[in-house]
Amino acid sequence: MSSYREDFPIFKGSDVIYFDNAATSQRPRQVIEAMRSFNDSCNANPLRGLYDWSVRTTDAYEAARHAVAHFIGAERDCEIVFTRNTTESINLVAYSWGLANLHAGDEIVLTVSEHHSNILPWQMCARRTGARLVYMECEKDGTLPASEYESKITDRTKLVAVAEVSNVLGAVNPIREIADVAHRKGAVVLVDGAQSTPHMPVDVKALGADFYALSGHKMLGPMGIGALYGRIALLEEMQPFLTGGEMIETVTRESATFAPVPEKFEAGTVNAMGAVGLSAAIDYLNGVGFDTIMRKERDLTGLLLDRMRKMPEVTVYGSEDPAKHCGIVTFNIEGCHPHDVASVLDSEHICIRAGHHCAQPLMKYLGVSSTARASLYFYNTEEEVERFADALTKVRGWLGYGA
Ligand code: 7TS
């Protein structure tokens, strides 16, 4: 029994096996308590009030910004813009930076394994500016060969937008190497960190990221809070994405001047309680430590892959090496639709994901229309993996295909 599991109220007295952590993680008591304490002690509209509760809300919100900056190695707190999630962070860059800086003939380089959140905003930019999308192809296990980024990032490249970790294969992209090539060509690098911040230490400076997007709900925090890191020089020259209250300096009937970053990008009332929750999630992750998180995920994934290798009807996608999965195990069972696999496992109180995982170009590349996906996190247990593997051996029988 993992002692970490006991920190998560949702598992108390429950036999549910939650293996959909790549979609959203669960929240420990410490996060829930931090949000409750904020709610019960000082909830008010931040940034505008001059009374104690509003000032304390503002302080808590700015402390959370500092926590995120420190967590991902940003030099300055103002390089962190709070958003709703990774999707909004990437859209902010697409609308504010992309539409202003991309032109006909420019190229935006992506990988074929991107989540739709890191494809659609660039399709929009390409449509509206005349820029072109160029895809780097990965190997079947998700590895991105150096020849891809060395050949596809060229003098025409203005932006390279890549996920640090694939949400389907769990493969980690060589961001530093990609960024070095991109910067040599004068391109800007956006990193989608939705699947990396929950699993590994991140240092945006060491990675060479110019922009870095993350979601709180995938790293033990609440839904509705995410962040965008942007290099200060880039953020300062960008126009706002959304406009309205709290992001201005002065407004006349005809025009406005904007507040400095990051307020320029945080129009309207912000999600202060979400930020407090995200900050508590960061404290919790740091308390467990990424060494422990990575070791536990590797051990659990290794156990699951060992069990699955003994099931000839099961095809696993991704690396043979459990350390290269970030807890994500994507698979199919011969003759069974992944939706049926997920539904029948649900009746055993096992939560997994099935479908295209918002990565249809990757599905096409892998030659499948959909897959099942179990995604583990450090609070899962060996016992859960064994119960899940036992259930997998029975899926074909339950679905009427014989044992
Ligand atoms: N990028 C990656 C790599 C992701 O895995 C996801 C969500 C997103 C972006 C979007 O994150 P959001 O918080 O803005 O929604 N991935 C998944 C998933 O794999 N299953 O459900 C959501």
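Phenylalanine 331 stands opposite alanine 372 in strand 15, where strands are DSSP runs (E, at least two residues) and helices are DSSP runs (H or I, at least four residues), both numbered from the N terminus. In this predicted model, local features need pLDDT of at least 70 and side-chain atom pairs count only at pLDDT 80 or more, whereas totals for chains, interfaces and linings use all residues. Residues are numbered from 1 along each chain as its sequence is written, and side-chain values use heavy atoms, with hydrogens and water left out.

Strand 12 (residues 328–333) pairs with strand 15 (residues 371–375) in the antiparallel sense over four bridges, pairing being assigned if DSSP finds at least two bridges between two strands. These strands belong to an open, antiparallel sheet of four strands in the order 11-12-15-14. Strand 11 (314–317) and strand 14 (353–355) stand at the edges with a single partner strand each, so one side of each is left without a neighbour in the sheet. On average, neighbouring strands of this sheet are turned by 30 degrees against each other, direction ignored.

Helix 10 (residues 290–309) lies across strand 11 and strand 12, running at about 15 degrees to strand 12; axes are lines fitted to C-alpha atoms, for helices over the stretch in contact, and angles run from 0 to 180 degrees between N-to-C directions. Helix 13 (residues 382–398) also packs on the sheet, touching strand 12 and strand 15, with contact taken as heavy atoms within 4.5 Å. The direction of helix 13 makes about 20 degrees with that of strand 12.
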